[in-house]
Amino acid sequence: MATEHRQTEDDAPDEESPLPLGLSVAAAAVAAAVVLPLLWLVRTGLAVGFEEAIALLTRPTTLEVFVNSGLLVVLSTAACVLIGVPLAYLTVRTDLPFRRFWTVAVSLPLVIPSYVGAFAFVSAFGPQGGFQRLLAPIGIERIPEIYGLEGTVLILTLYTYPYVYITTRASLKSMDTTLVDAARTLEHDRWETFRRVTLPQIRPAVAAGALLSGLYVLADFGTPSIMRYDVFTRVIYVEFGAFGRDTATLLSLQLVAVTLVILWLESRIRGEERTSAGGRSRALVSLGRWRYPALAFVVTIATLALAVPILILLSWLGTASTSVNQSLAFQWSYAFNSVTVAAAAAAVAVVAGIPVAYLSARHDGLLPTVFERISYVGYAVPGVVLGLALVFFGSQYATPIYQTLYLLVFAYVIRFLPQSVGSLRASFLSVDPSLPEAARTLGQTSVGAFRYVTLPLVAPGLFGGAALVFLTTMKELPATLLLRPSGFTTLVTHIWTAYESGYFGQAAVPALVLLLVSGLSMLVILTQEGYDVK
């Protein structure tokens, strides 16, 4: 979504100048804070006896969880690519009807938490659900089960394909289409042209989107739990609740190892990144007889991912019972709590991300690279694992902040810091280094030059990164369930409580409020990053 900045010799990172001491110390402190919970998790895992660890990791149930998680990631990621890439191509390169509208519409499922989509679909298509009740008068008393692997793949695909769609669309927008025109003059058909010209250029973007989708699927806790499908996150949470500390710890370490394998595979699949420049041809491909089938495909995806859950949530408004336990009644303080902790996490993530992003953008070398890479560790660690690590650490060594909002916000910052760092780094790279240098020659200190020159120029990236952290924090479920203070209820925890109690109607208002706030933060992201819908 952001415009790529191509470095020149003038704005390349400075290899010669020494690293600023203050920024280096700050970046090192951020990196240490990120790895601290994982180090504690490793230490706890090593405390388990070797024989006991082998027995736990090789028992049939553990192997089943490993296979289940692998199948879910592979199938969901493949489905995301099969949906996201065609959607990107249709909205960028073809004469699809109402193209600008669909460009935004197929991006919006990103604001819907997958667990909200999951119990909406269960309510509609599960046993005794709304769809089955509609079919009952014509003699259909049973429909296929939505639970299990198939249903979980369906839900996670509908709410993670936007990662592939957005990255692929950005790549297609920046691609030199004169290369495609040249291939067509050489009598290649459309499929051959796409395979030999377009696909090699967009492959890194597709791989990046697939990586985000795969990591989300692997880390998701709510959807597999609702769909009754045992994967790492669900079993870890259950074991922790049943005081199975050793099993939860070892499964967490195994999950982190699987995550690292996914990161390695993505780096191999991505291949060498290709860039092209010079061509400005923007002629759209005519869909011809495929025009309306393509439109039907887009409408189907948007309907399933957006219309179905929203309509179901609206229908729940009329079924919400006023006679349920008072603890399930919605209170606006839940929305206030969610917005407060999400805003705090966004602010801290931006402040923590500035030294890491600035060093990485302005200085080459080992330390800036290491600090940046470490900052991404938290995003690769599922929320349930991070929450578990901080529960162990906080209960034993950080008791003053255990069961407080400080530890909860700390978890959010570690988890979503990469979103801030990535946005800030791209913004710092877009600023000509000669501008703050000019301010220095006019008498400004380094801090003054940064405050009055650099900071205003990177403000769009700063607010865009903060909005992205805010959006993802609002939706985060497992870390919130594990680390929230006693009596502190947010929108997501109230939604989860209503689901577990079987009162779906009580989840309608908080879910709709969550979607509204998330949609507004998505609007900020699109505005700050200049999302082009042409």
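Analyst: A nonpolar core is a set of buried Ala, Val, Leu, Ile, Met, Phe, Trp, Tyr and Cys residues joined through side-chain atoms within 4.5 Å. The model is predicted. In it, the largest nonpolar core has 145 residues, and Ile-226 and Ile-236 have the most contacts inside this core. Helix H14 (residues 332–362) gives the most to the core, with 15 residues.

The threonine is Thr-233, placed in helix H11, which covers residues 232–241. Thr-233 has a relative accessible area of 0%, and buried means under 20%, so Thr-233 counts as buried. Its side chain reaches the backbone oxygen of Asp-220 at 2.6 Å. Apart from neighbours within four places in sequence, Thr-233 is in contact with Leu-218, Ala-219, Asp-220 and Phe-221, and also with Leu-255, Pro-382 and Val-384.

Ile-236 has its own set of partners. With neighbours within four places again left aside, Ile-236 is in contact with Ala-248, Leu-251, Ser-252, Leu-255, Val-384, Val-385 and Leu-388.

Val-385 leads on to a helix pair. Helix H1 (residues 21–46) and helix H17 (residues 383–397) pack at an angle of about 80 degrees, with their axes 9 Å apart. H1 and H17 are therefore roughly perpendicular to each other. On the H17 side the contact is made by Val-385, Leu-386, Ala-389, Leu-390, Phe-392, Phe-393, Gln-396 and Tyr-397, and on the H1 side by Leu-36, Pro-37, Trp-40, Leu-41, Arg-43 and Thr-44. By class, this contact of H1 with H17 has 11 nonpolar, 2 polar and 1 charged residues.

Arg-228 lies in the loop between helix H10 (222–226) and H11. Arg-228 is not a glycine, yet its phi is positive, near 55 degrees. Most residues other than glycine have a negative phi. At 53% relative accessibility Arg-228 counts as exposed, whereas Thr-233 is buried.

As for the whole protein, there are 23 helices and 0 strands. Of its 534 residues, 53% count as buried. Among contacts between residues at least 6 apart in sequence, 84% join residues at least 24 apart.

Key
Residues numbered from 1 in each chain as written. Predicted model: local features only at pLDDT ≥ 70, side-chain atom pairs only at ≥ 80, totals over all residues. Heavy atoms only, no water. Helix = DSSP H or I, 4+ residues; strand = E, 2+ residues; numbered from the N terminus. Buried < 20%, exposed > 50% of the residue type's maximum accessible area, 1.4 Å probe, protein only. Polar contact = N/O pair within 3.5 Å; in protein donor to acceptor, adjacent residues only side chain to side chain. Contact = heavy atoms within 4.5 Å. Axes fitted to C-alpha atoms, helices over the stretch in contact; angles between N-to-C directions. Parallel < 35°, antiparallel > 145°, perpendicular 65-115°, else oblique. Nonpolar A, V, L, I, M, F, W, Y, C, P; charged D, E, K, R; others polar.
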